[in-house]
Amino acid sequence: MLLALQKVEKSFATSEGPLKVLHGIDLQLDAGSSLALTGESGSGKSTVLHLVAGLDSADAGRIELAGRNVVELDDAGRAALRRGVVGLVFQQFNLIPSLDVASNLSFQARLADRHDKAWQTELARRLGLSGLLTRYPEQLSGGQQQRVAIGRTLAARPQLVLADEPTGNLDEETGDDVLALMLSLVREAGASLLMVTHSMRLADQLDGRVHLKSGRVV
Amino acid sequence: MQLVMLLLGLSVATALWTGVQAINAEARASYREASFAVASGAVAQLVPRSGTSIPVTTYVALRRAGWLVSPILDGEVMFDDVRINIVGVDPLTSPREALAVELGTDDTLERFLSREGLMFTSADMKDRLAGATTLPVAVDDGLSDGVGIVDIGQAQALLGAGDTVSRLIVAPEQPDGRPPLEVVAPDLVFLARSDATDLARLTDSFHLNLTAFGLLAFVVGLFIVYSTIGLAFEQRRPVFRTLRALGIPARVLTGLLLLELVFLALVAGLAGVVMGYGVAVLLLPDVSATLRGLYGADVPGTLELRASWWLAGLGIAVLGTLVSSAESLWRVSRLPMLAPAQPRAWARASETTLAAQALLALLLFAGGLAALVLGSGVVAGFTVLASLLLGAALLLPGLLAGVVGLGQGLAHGPLAQWFWADTRQQIPGLSLSLMALLLALSANIGVGTMVGSFRLTFVAFLDQRLAAELYVEARSPEESASLQAWLAPRVDAVLPIAVLETELAGQAGQLLGVSDHATYRANWPLLQSAPDAWDRLAQGEAILINEQLSRRENLGVGDRLELPGQWTAPIAGVFADYGNPAAQAMVGLATLQARYPEASQTRFGVRTEQAGVEALQTELRDRFDLPDGVIVDQASLKRMGLEVFERTFAVTAALNVLTLGVAGLALFASLMTLSGIRLPQLAPVWAMGITRRRLAMLEMVRTLALAALTFAAAVPVGLALAWVLLDVVNVEAFGWKLPLHLFPLDWVQLGGLALAAALLAAAIPVRRLSRLAPSDLLRVFANER
């Protein structure tokens with residue numbers, strides 16, 4: 001078991017008092033498998049992803065990732081987890097605007113001290129980025145930017161890829177191509193995938209699916 | 001926060017500008033109201049071709065011939081221990097603008113003209129004269145200290161001048177058909193208004209200097225306004241776009257924004273004028289001391305509130321805001337409605353902009369060079385300065401981008417590479433505040449080097465020039481003679497100095513007669529000289545002139561100068577004469593006494609053993625019952641000279657510090673606003689495993705690195721500035737040229753100050769980043785942004 005969530009709870013402060021968005025979430029993900037997290041807007045699926053990545057902290061419960069309880073880690077420990085264990089792919093791509101494609105691709109791998117030039121070249125070729133390595137993010141289309149984001153994540157060979165609506169900003173055809181490529185590369189890299197999506201069509205392409213409604217697994 | 005920065009930037013800019021303007025206005029107003037001695041320089045005069053007096057018969061002859069002239073008699077009088085410069089006037093014939101006192105009320109005129117007489121002085125002088133004279137004294141606030149205005153008859157009696165006067169004031173309007181001066185009074189010379197001692201002209205350079213500093217501080221302040229408005233408008237683009245989409249015409253939207261800005265400008269301008277008053281109140285005492293020390297101009301140390309600078313302050317605030325916001329308003333008026341409603345990548349480096357700025361900088365340098373080679377006058381000097389500063393500021397972003405790019409190329413780790421790449425991307429966003437910092441630092445280095453060089457030269461000059469151990473100015477020639485006779489057997493040497501106030505090459509000046517003594521040969525600071533200069537001076541065959549006269553009239557060794565009494569003397573040398581605005585020439589003592597017997601012969605220097613100076617002073621005072629001020633020792637004179645010097649540059653130093661403060665504020669404003677829009681650049685790096693604390697530390701290092709690079713660029717710019725100040729502006733403004741000295745320790749200190757300012761400016765944004773809630777960073781990744 002690579003990832004296990006037990007009774008995870010999370011609230012956000014609002015002007016009208018605390019708003020509970022997760023009510024005791026439980027879920028598991030095996031190493032090398034993929035899981036879709038589906039649900040309506042506001043169901044709490046992105047929050048689960050953020051808690052697993054250590055981007056935010058849970059109020060209660062346990063998040064076991066690669067043998068560590070993320071809930072108990074301090075800021076530095078969570079940062080180390082993000083560098084070494086997980087890889088993130090966002091809907092908004094979130095590339096580093098000041099670095100060119102080649103540097104963006106290698107950035108996280110080098111941070112994690114796992115830079116493999118041959119693997120990066122292979123990724124760039126498979127993702128169709130070989131001719132774009134000297135370009136900057138602002139010079140790329142949405143589909144190209146998302147392919148760079150996927151390449152950046154996989155170049156670091158993370159144990160778990162966390163993807164938040166990775167094709168949400170792309171048209172259907174481009175989105176399908178990008179997702180197919182991502183799934184194939186994640187499998188080749190031997191990583192697990194936890195993907196947030198509200199599309200059942202996309203969710204069906206993964207090994208399993210967990211549906212959230214108002215902060216509860218249904 | 002942006003609103004606060006906008007108001008603060010604008011009010012500080014307005015404050016420094018109006019503060020300096022208020023000081024200038026106050027000083028200029030006081031020149032107009034100043035003493036008669038000053039006012040008389042502002043009208044045309046007739047003065048004797050040689051000597052110091054004009055017979056009354058000449059005056060009468062001129063009046064009879066139709067010349068509208070009015071007599072003046074001036075000279076020094078001692079009332080007990082109080083030395084006063086008596087100026088006798090004839091209120092019945094004097095042009096109104098030449099009269100410094102108001103005589104038209106009650107029975108004042110009658111009392112003024114009466115046998116008993118009436119003397120006008122400053123309030124301070126009236127207090128000092130209490131009990132020292134039986135002459136009735138009245139106060140006129142417009143008079144400078146040390147001057148007493150009396151009726152001409154009273155002055156003749158007080159000065160023992162008989163039937164003579166010193167000069168004749170020429171009324172501006174003269175009747176037609178009057179005979180020429182050469183026919184009626186061939187012994188007199190006509191001095192046009194501009195040739196007279198015009199205080200306003202002398203002090204113009206000082207005020208131009210202050211204005212330049214005020215303008216520099218204002219421009220630095222406007223950088224804050226420009227940067228804040230630009231970023232605020234950028235952040236409000238989605239709102240503007242929505243309003244446009246809802247049907248509000250571009251013209252209405254731009255008009256409303258303009259109205260908003262004018263309102264803010266008026267609020268900030270009002271605050272700025274109030275703060276400017278504070279700045280002026282703080283600086284005016286030093287300014288008045290400076291003007292008194294340098295030019296003998298008396299400016300009261302208090303400030304009057306003048307409606308004109310309230311209006312000017314508000315006007316400049318509104319104008320500055322409009323200039324700073326023009327580009328942003330233009331962009332809003334042309335806002336495309338269909339572009340994505342996200343903040344534009346404001347900070348994206350633009351190679352084209354950098355290249356255009358560099359080109360403009362080169363053009364400015366070329367313009368400055370042209371002004372240096374072809375121009376003349378103080379205005380040309382300041383044009384060179386402005387071109388140099390503005391060109392350097394424009395060149396800075398390109399230079400920084402180059403250096404940072406080099407850093408990126410040399411960096412190894414991914415974080416180091418990102419750091420440099422990200423720093424390069426921040427340069428456009430920070431460039432205005434970094435330019436402001438460059439201007440402030442360059443001004444500091446430039447002015448600091450100028451003042452330091454001046455100080456070193458001035459101290460050495462004082463050491464040379466004040467070689468005698470004691471200086472005595474007796475109350476009369478007879479007293480001087482008896483003092484010299486008593487001293488002669490008791491000291492190493494007595495060095496008599498005769499002085500003739502006269503006209504030199506059309507300027508008011510002094511002829512100095514000195515004895516032939518080794519003291520002068522060994523110490524007098526000659527800038528250029530013929531090999532036998534001192535011998536020829538002693539034999540009456542040649543003269544020495546001061547640097548001011550040499551530069552103004554383009555005279556040097558071998559040239560000839562026309563002196564009173566139709567004597568055209570060859571020039572054998574040029575001496576340094578820092579701190580004196582007037583022309584001066586030196587001749588042998590015997591020659592001066594022979595040619596100009598009317599010269600004042602009350603001064604002399606004394607060479608003696610340093611150890612016995614104090615005892616000698618005491619003995620002289622006791623034996624001859626001498627009041628304070630008659631004997632001054634060398635150390636006191638040097639101390640006084642240095643005090644004048646220090647006060648002269650106290651205002652400059654204060655403005656330097658204020659400008660640096662404003663630049664620090666500009667940097668703070670930019671960092672604060674940038675920190676708000678930088679999250680999308682920082683959040684991905686945080687998400688990939690770099691802690692907020694480390695990111696905050698890198699932000700601090702980035703700010704310090706940029707400040708350090710800006711400082712490194714400011715050193716050569718500051719030195720170039722110092723060179724222009726010393727070699728061009730000083731020569732034009734004061735008439736002397738100084739060697740450039742370097743003060744690396746001062747630079748280290750200033751560099752430390754610049755880093756401290758950057759540290760302070762970055763402290764709040766960096767602290768905010770290190771404590772940023774994860775939820776704020778997560779918003780960057782939110783799908784529903």
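How far apart do the C-alpha centres of domain 2 of chain B and domain 3 of chain B lie? Point 2 has the answer; here are my notes.

1. Ground rules. This is a predicted model, where local features need pLDDT of at least 70, side-chain atom pairs count only at pLDDT 80 or more, and totals for chains, interfaces and linings use all residues. Residues are numbered from 1 along each chain as its sequence is written, while chains are lettered from A and ligands numbered from 1 in the order in which they are written.

2. Domains of chain B. The C-alpha centres of domain 2 and domain 3 of chain B lie 56 Å apart. Chain B splits into domain 1 (1–36 + 203–337), domain 2 (45–191), domain 3 (350–464 + 640–785) and domain 4 (470–608). Those bounds come from an automatic or database domain assignment.

3. Chain A overall. You'll find seven helices and 10 strands in chain A; helices (H or I, at least four residues) and strands (E, at least two) are DSSP runs, numbered from the N terminus. Chain A has a radius of gyration of 17 Å, close to the 17 Å from the globule rule for 218 residues, so chain A is as compact as a globular protein of that length. (The radius is taken over C-alpha atoms, and the rule is 2.2 Å times the number of residues to the power 0.38.) Along the principal axes, the C-alpha atoms of chain A fill a box of roughly 50 × 35 × 35 Å.

4. Burial and contacts in chain A. Of the 218 residues in chain A, 49% are buried. Buried here means 20 or more other C-beta atoms within 10 Å of the residue's own, exposed means 12 or fewer, and partly exposed is in between, with C-beta atoms placed from the backbone. Take the contacts in chain A between residues at least 6 apart in sequence: 71% of them join residues at least 24 apart. A contact needs C-beta atoms, placed from the backbone, within 7 Å.

5. Where the chains touch. Chain A puts 30 residues into the contact and chain B puts in 25 residues. On the chain A side, the elements giving two or more residues are helix H1 (45–52), helix H2 (75–84) and helix H3 (101–111). That side of chain A has 11 nonpolar, 11 polar and eight charged residues. For the classes, Ala, Val, Leu, Ile, Met, Phe, Trp, Tyr, Cys and Pro count as nonpolar, Asp, Glu, Lys and Arg as charged, and the others, Gly among them, as polar.

6. A sheet in chain A. Four strands form an open sheet in the order E2-E1-E4-E5, with antiparallel pairing; strands pair if DSSP finds at least two bridges between them. Strand E2 (17–29) and strand E5 (68–69) of chain A are at the edges with a single partner strand each, so one side of each has no neighbour in the sheet. Strand E1 (residues 3–14) of chain A pairs with E2(A) over 10 bridges, and Leu3(A) stands opposite Leu29(A).

7. Backbone angles to check. Most residues other than glycine have a negative phi. Lys7(A), however, has a positive phi near 45° and is found in strand E1 of chain A. Arg157(A) also has a positive phi near 45°, in the loop between helix H5 (142–155) and strand E7 (160–164) of chain A. Lys7(A) is partly exposed because 13 C-beta neighbours lie inside 10 Å; Arg157(A) is partly exposed, with 17.

8. A helix in chain B. Helix H3 (residues 56–64) of chain B buries Thr58(B), Tyr59(B) and Leu62(B). Down the axis of H3(B), the buried residues fall within an arc of 100°, so they line one face of the helix; the arc is that of the directions from the helix axis to the C-beta atoms. The face turned away from the buried side of H3(B) carries the exposed Thr57(B), Val60(B) and Arg64(B).

Technical notes
Contact = placed C-beta atoms within 7 Å.
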